[in-house]
Amino acid sequence: MVGGEERGRNAVGEPGSRHPVDEKLPPLKMFTSGLQHVAAMYAGVVAPPMIVGPAVGLSAKETAFLMGASLFTAGIATLLQTLGFWRIGARLPFVNGVSFAGVTPMIAIGKDRGHDGIAVIFGAIIVAGLLGFVLAPYFCKLVRFFPPVVTGTVITLIGVSLLPVAFNWSQGGNATADDYGSTTNIAMAAVTLVIVLALRKLLRGFLQQIAILLGLVLGTLIAIPAGITDFGALGDADLVGFPTPFHFGAPQFEVAAIISMCIVMLVCMTESTADMLALGKIVGRPADERTIEGGLRADTLGSAVSPLFNGFMCSAFAQNIGLVAMTKVRSRFVVAAGGAILVLLGLIPVAASVIALVPLPVLGGAGIVLFGSVAASGIQTLATAALEKGENALIVAAAVGVGLIPIAAPDFYHAFPEDLLVVLDSGISTGCVVAIVLNLAFNHWGRGSDAEPGADGADEQPKDPMAVPVVH
């Protein structure tokens, strides 16, 4: 029989575990909380196919098919993460969806090539996913290089890097639209933000936990007379549809495309590792090597399988980590319910279009709270990182500074080769690399056995990075 402390430490969740991560909630609460996760991630899932489809020359109907397929495959990947099997899946409330990191290289690969372009993209993703699956047991060992000074920095960068997405949604989401940044859009985002904050303040219990979902519903209702709710997608959607395997033809394999997507896969694995560490802190079940290995296997397997159903590369969705932090609902089965809803939306296009009724300005207002919660969690972690010791404050300063470059100066790396931009344009990845390297340089390399305790991240950080205290 496994003791209570060991169960809390177990990354995969032994049967009978009483940790909140393994708690099964009542059906109604499970569904509504899962739906809230879907609402938070929906725009992020459908945005990449909305961008890539027209760029490679697909029609509006074919692009809509890609969107439905992306919802379906995001649901499968999320179920792999939350429920898992064998040593696949983090078994945390961890959401997977289409990665934004692959949008630019996918456009470069498939631009104006139509179905052939999509087939080459899918072939490259399959190879990259399989490579990532093989590398997962080795890549997960990087966890020992993620003390609080590193994880706090990366979590903060995740939240800060997501905020521009919320700001873009708040303005309307389409920079070429006539009403982009209009007072109506921004006012609608502000109203939604106020509603969410008020509901969190005034409500109690379960209703407080679904304040984001309630805020999205109320914001959408208010947006109808404001004229920014589009019902067109609801009328054009089919009642039932299935993402036919290899709808755009058999995958094609080109070396340059494969190399490009393998680089994207490494970026996604880096971000997923950081996200799992962040989520582990938030839910009170610190992510160890086994958790990260399982999570990376689910990421990469989901990515390798995704093209079979016409989906793109899958990776962690950090915005849902903010939702977990805000609602305090830590059950992985809630997120599994969200994954099941995503699969259903992929099979019933008309149901997916109902979620699509939420205007982007409304989603943006709620997103400010969600993504800000991620940054706040990072700051809380940094508070335990003993910044007064050694050069930890310098590590944070340099890593955050480099990580903010793509946000503060988006064209900073414009003269660099396009393949490098896959990494450099991700502030999370560059900030993570800088934090890891500087932590090694200042706190590990050349240190004697009598080095000052706590200099590598926190006063109470154990020498064995895997011996993290269990939080119940």
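**Exercise 1. A charge over a ring**

K24 lies over the face of F333, at 5.1 Å from the ring centre. Which ring has the charged end of R297 over it, and how far is its centre?

*Solution.* Start with the rule: a charge sits over a ring if NZ of Lys or CZ of Arg is within 6 Å of the ring centre and within 35 degrees of the ring normal. Now look at R297: its charged end sits over the ring of F133, 5.8 Å from the centre.

Before going on, note that this is a predicted model, where local features need pLDDT of at least 70 and side-chain atom pairs count only at pLDDT 80 or more, while totals for chains, interfaces and linings use all residues. Residues are numbered from 1 along each chain as its sequence is written, and side-chain values use heavy atoms, leaving out hydrogens and water.

**Exercise 2. The chain as a whole**

How many helices and strands are there in the chain, and what percentage of its residues count as buried?

*Solution.* Helices (H or I, at least four residues) and strands (E, at least two) are DSSP runs, numbered from the N terminus. By that rule the chain has 20 helices and 2 strands. Next comes burial: buried means under 20% relative accessible area, exposed over 50%, and partly exposed in between (1.4 Å probe, protein chains only). Of the 472 residues, 55% count as buried.

**Exercise 3. Salt bridges**

Which residue forms a salt bridge with D22, and are the two partners buried or exposed?

*Solution.* Side chains of opposite charge can pair when their charged atoms come close. The cut-off for a salt bridge is a side-chain nitrogen of Lys or Arg within 4 Å of a carboxyl oxygen of Asp or Glu. The count comes to 5 salt bridges. D22 pairs with R285, the closest N and O atoms being 2.6 Å apart. D22 lies in the loop between α1 (4–9) and α2 (27–56) and R285 in the loop between α11 (255–283) and α12, so the pair ties together parts 263 residues apart in sequence. Both are buried: D22 has a relative accessible area of 11%, and R285 has 1%.

For a second case, return to R297: this residue forms a salt bridge with E293, with closest N and O atoms 2.7 Å apart. Both lie in helix α12, 4 residues apart, about one turn of the helix. E293 is buried at 9% relative accessibility, and R297 is buried at 10%. Finally, salt bridges that share partners join D22, R285 and R332 into one network.
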